[in-house]
Amino acid sequence: MAYLRGPFHLIRNVTCGRDTWRLKVRVVRIWEGGRIQASIRKAMLRKYMNCVAEGGVYKMTYFGVVDNGGSYRATSHEFKLLFQARTRVLPAESVIIPRFGLDLKNLEYVKNTKGECDYLIDVIGLVTAIGEEKQYEKGGRTIRVVDLELMDDK
């Protein structure tokens, strides 16, 4: 398994155009990733879902790198990783990779985005109100939304 020996590349340097990157990563959330998002297409789920677990650290190689476009991106990284048939994933150890992978922002930061942020933001606060569930139609699908009111320490 020489292809999973170091040295490993830094996530911040990942770009499109090659599939020979070697990364050591922690799975923060099974749907979500400096941080970078990694996705497993439905056709590959059976192959990989038992290979990764939330909180685990892994060495990986032979994956695709694609633009991270669209609404509600899991990270602000320009690209995301895409598991492919030849992607290799092995468990690893690391005390350097943060355990929870959060990038907490205060509520002032959230307000300053003015609703124009196209990626998910990590916040912490006290829930002071919960709105009624609303439904929206988008792209032929029904989206259900509940507004939360948060208060932070300011």
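Which residues make a nonpolar surface patch of about 450 Å²? In this predicted model, the patch is formed by F100, L102, L104 and I124. Nonpolar side chains (Val, Leu, Ile, Met, Phe, Trp, Tyr) are joined within 5 Å, and patch residues have over 30% relative accessible area and no salt bridge. A salt bridge is a side-chain nitrogen of Lys or Arg within 4 Å of a carboxyl oxygen of Asp or Glu. Areas come from the Shrake-Rupley method with a 1.4 Å probe.

The model is predicted: local features need pLDDT of at least 70, side-chain atom pairs count only at pLDDT 80 or more, and totals for chains, interfaces and linings use all residues. Residues are numbered from 1 along each chain, and side-chain values use heavy atoms, without hydrogens and water.

L104 belongs to strand β7, residues 104-105 (strands are DSSP runs of E, at least two residues). L104 counts as partly exposed because its relative accessibility is 46% (buried is under 20%, exposed over 50%, partly exposed in between).

Q37 sits in strand β2, residues 37-39. Q37 counts as buried because its relative accessibility is 10%.

Strand β5 spans residues 79-82 and pairs with β2 in the parallel sense over three bridges (pairing needs at least two DSSP bridges). Strand β4, residues 64-67, runs antiparallel to β5, and four bridges join them. L81 of β5 is the bridge partner of A38. L81 is also the bridge partner of V65.

Key: Buried means under 20% relative accessible area, exposed over 50%, partly exposed in between (1.4 Å probe, protein chains only). Patches are made of residues with over 30% relative accessible area and no salt bridge: like charges are joined within 9 Å, nonpolar side chains (Val, Leu, Ile, Met, Phe, Trp, Tyr) within 5 Å.
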